[in-house]
Structures are given as structure tokens and as C-alpha cells.
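Please look over the sequence and the predicted model shown here, and then read the report that accompanies them.

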Amino acid sequence: MSDQKAWSMKRVVAASSAGTAFEWYDFFIFGSLATTIQKVFFAGLDPTAGLVAALGLFAAGFAFRPLGALIFGVIGDRLGRKGAFLATVSLMGASTFLIGILPTYATAGIVSPILLILLRILQGIALGGEYGGAAIYVAEHAPNNKRGATTGWIQITASLGLIAGLLVILGTRSATGEQHFLEWGWRVPFLVSVVLLIISVWLRFKLSESPAFAKLKEEGAVSTAPLREAFGRWDNLKRVLIAFFGIMCAQGAVWYLSFFYVQVFLTKSLGVPDSTKDALVLAMTIASAPLYVFFGWVSDRVGRKPVMIGGMLLALIAYYPGFHGIAAAANPALVQAQQKRPVEVHANPATCSVQFDPVGTRRFDTSCDIAKSLLASTGISYTNRSYPGDRAIIAVGIQQIEVPDGRGLDAAGLKALKEATAKTVKAALAAEGYPAKADPGRMNLPIIFFWLMVFAVAATALYGPQAAALVEMFPTRVRYTAMSLPYHVGTGWVGGFLPVTSFALAAITGNTYASLWYPVVFTVIPILVSLFFLKETRGRRLEEV
């Protein structure tokens, strides 16, 4: 009997984890291919606007995750856990496969990014219903004293999905070469998802309903209005607010900085080659994968709260020294140049716009705008200086580049002017010791990896016990709905918008490290909320919530 029970628990974990890993794979390959998506689907935009648009589209998928949480939360609480996450995995798989066959901007123009946006939204809705269902399904099968370690396998699926995505991207890029990868190879990671879809649906179809929901259904106690019960009753709403402000804000900030924004920082700000960046992130993800289960296991012994707060504190302490350390190790020539010959933009503030245009409709045609957008696109920090003239001047060392004004030019003329100015600016920067790219021979890969692992440890300490902590906060009647919404608002809005907002902060201020303001704020708030309002739930019986 015990062998049968153990086998059943393993099957529950395996089927739930495999399906969730597949959905994370589908979702994450988009983020890992952000710079490629920029070139394929946003070719009509300036490089900076194109990257911001690609990152914004990455965020758009996250923006719709709370909607998916509500839709599938209601389904899961009214009809059952199994049916809800069978539907989510099917929707995610179909959307991802269709991205792989979309026409590019070069062949379909504006229709191409519009279709991509629609499919990205469907991905977000699907993932919004996935995580809560899988975590709850496993937790409702798990023993009370082993729930942290058991649900840690659901937490590890994010890394497994990212690992699979990075392996497929690296393998395809190596097999096709960079040029062919940009032309058609980028489709492969999306198309192979159909195989994973078939496996995931088959595994989940063989599962039975969770015992907690089955018991609730047998007793006739299933909620008929889970939305009203979850958010219209203060005792449940209070739990939702504590889950969001005490756990999920930090989850969105810490995890997505550690595994996604760091990729933008390495390539865009430091000039690290994509292949090197992918290998580093892959190594970090593989090395950190067992830590989700480990920290879940630790939380079964010392409590969810101290482990999660420990992860938040580690991230908060490491943000600034970590990113400065990565910069010094990845591109020491750039750091030295910025210290010895800092870049300044002398311009009339009245002619300068905020360098943030996620929809790509701004021309940025004043002299000041052209100067700042060019520097932002290279990832170089600069200082703003007020200057009364109409023309902006980029000053670096003995170089003084007067930037022409593009107002009055048509689109083609403005593009040509920006390209010519970019060549002049890059030549001036090179003359003052600014490298065009990071030198592989001078990279200190062990130091970069060390800091990546510091962030990974912080993220896994927070994320490992999280599923158990969230499940233990809410009653069975509304668990799917009440748990899923704060999770996906936290990861979907706080985490999903981190890459685009952080990059925008760097572009707006001219300071690369201003990008860290966002994660700092969303880590400090949860630390305070958790310390004062989050209750310890380790070992709690779910039927007593």
C-alpha cells in the first residue's frame, strides 16, 4: 500500500512538473530571444525603440496573466483542478507553435507584430491559470510535513523550462549560424514545443482529481462564487493583500532581475556576445535548479517565513555591488573608460524628451533626443549638462560632437541622419578608449558566474518555499482563485515589467545602474510587510485553513 501511495505521489509530481516546465519553456524562449524578436518583428523601429518594444511585448504577456488567473481560478475552484490545467497547457502550446509560423515584419509589415501581440496575450492568459493549478494539485496531495520539499519540484519547473529553452536556442544558433538563425532558425524553439505539448497533455490526462477538491465536491461544499468569496470577504482579501505585498512583489523583482534583466544588462549595456551570455545564464540556471527543492525542504524544518525573507535580504544587499562587479568582470575596458573619460550630454533641457517609447510612435528628432537615444542604444552611461544652444553636444575626453537636429526631416531622412551620427559618435567613443564590444580575452567569467549565483541563491530561497506558503494561506474552497491572482499580479506585473522598466530607467536617466531602482523598491516593501504581517504556516493542515 505504501509503495502504491509513493508511486502515486511521484506520478502527481512528475505530471504536474512536466506540464508546468513545458509552459515555462514556451513563455521564456520569448524573453531569451528579445533581441532577435526586436530584429524580426520590429525592424521598422530605431534599435533602442525596437528593444524597448520587444521587452514591452515580453511584459504584455505577463500583463494578461492575472486575467488568466481569474478565468482558470474560477474553473479550478468550481469544476476541479485537473480540467483547469489541462486547458492551460493546451492553450499555451497552441499559441507558442503559432508564433513559430508567423510572418516577419519584412514580409507582412505591421500585421506581423499585431499577430505576435495577440499570441503573446494568449500565452499570458494560459500561464495565468497554470502555476496555481499545478502548485495546488501537488500541495493537496503532499504530506503536511513535506509540503515545502514536494512543491519545490513545481518551483524548479521555471528553471527546467528556462534550461530547455536556452539549450534549444543555443543548439539551433550553433547549428544554423547567426545569419540563418536570424532569418529562420529563431522559429525552431517555438515549433518544437508541439512535441512537448503532446507529452504534457498525455501525462496530465491520466491524472485524477486532487483529494482535497474531491472531498469538497463529495460534501457539496464547492464554492459557487469563488470570485466574490475570495475578494469580497475581508478575511480572504487580507490574505490576498499580504500574499501580494509580502511575497509576490519581491518574487517578481528578484527572480526576473536574476534570470532575465541580467541578460539585457550583459548584452546591451556591456556588449557581451549572445552566445557567451546564453552559456552563463544556462550554467547559472542548471547550478541553481536543485536549490528550489533544497530551500523548500529547509522551510519544512525552520519555517517558510525566515527562508523567504533571507532570500529577499540577500538580493537587496547584492543588487548594486553585484551589477558593478558583473560590469567590471565582463567589460573592464568599458568601466575604465567611463571612469577616466565620462560621457556628458550638453543640451537645452527644453529640447529633451523622456527616452521611453514602448509603442514606437515617438520620432525623437531633436538634437538632444538623437544624442541620448544613440547613447542609450549603446548602453553607455552619461551625465546631463544644461546648455543654452539648440544643438546638443556629446562630450567625451577631448572629443566634442555636435549632434544635428532632425526636425523637419521625413522618416527616411531622419533614419539616415541618425545612422550617420551614430557612426560619428561610435568613432569618437572608440578614440577615447570605449570598446565597441566586450573583449572575450579580458572577461573574468568566474567572477561573473559568482555574482549570477548570488542572485540565483536569493531567488531560489524566496521561490523554493513560496508554493507551499501560498497554498497554506488560503482555504480549499477558493484556493485556486485567491492564490493565483496575487501570484500573477506579482510575477506578471512587477516581474514582467521589470526588464522594460529597468531598461527605460537607464535610458531616461543616462545612468545604467538607475535600472536597479525598480527592483530595490519592490524588494524593500515585501521585507517590511513580511516581517510584520506574514504568519508562519509550516506544517499547517490544509483543511484547517
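The sections below take up a surface patch, a helix, a disulfide and the salt bridges.

The elements that give two or more residues to the patch are α5 (81-99) and α11 (193-205), and α11 supplies the largest share, with five residues.

## Helix α15

Just after α15, the residue G303 takes a positive phi of about 115°.

## The disulfide

The structure holds one disulfide, which joins C352 to C368 with an S to S distance of 1.9 Å. The link of C352 and C368 is right-handed, with 105° about the S-S bond. Since C352 lies in the loop between β1 (343-347) and α18 (367-378) while C368 lies in helix α18, the pair ties together parts that are 16 residues apart in sequence.

The two cysteines can also be described by their accessibility: C352 is partly exposed, with a relative accessible area of 22%, whereas C368 is buried, with a relative accessible area of 1%. Another cysteine, C249, counts as buried at 2% relative accessibility.

## Salt bridges

The count comes to 17 salt bridges. Among them is the one that E178 forms with R173, where the closest N and O atoms are 3.0 Å apart; E178 is partly exposed, with a relative accessible area of 45%, whereas R173 counts as buried at 9% relative accessibility. The side chains of K215 and E219 also meet in a salt bridge, at 2.7 Å from N to O, and K215 counts as partly exposed at 49% relative accessibility.

The side chains of E472 and R304 meet in a salt bridge of 2.7 Å, N to O. Because E472 lies in helix α21 (residues 466-473) and R304 in helix α16 (residues 304-330), this pair ties together parts that are 168 residues apart in sequence. Both partners count as buried, E472 at 0% relative accessibility and R304 at 1%. Salt bridges that share partners also join D77, R81, E140 and R479 into one network.

How values were computed
Residues numbered from 1 in each chain as written. Predicted model: local features only at pLDDT ≥ 70, side-chain atom pairs only at ≥ 80, totals over all residues. Heavy atoms only, no water. Helix = DSSP H or I, 4+ residues; strand = E, 2+ residues; numbered from the N terminus. Disulfide = S-S within 2.5 Å. Buried < 20%, exposed > 50% of the residue type's maximum accessible area, 1.4 Å probe, protein only. Salt bridge = Lys/Arg side-chain N within 4 Å of Asp/Glu carboxyl O.
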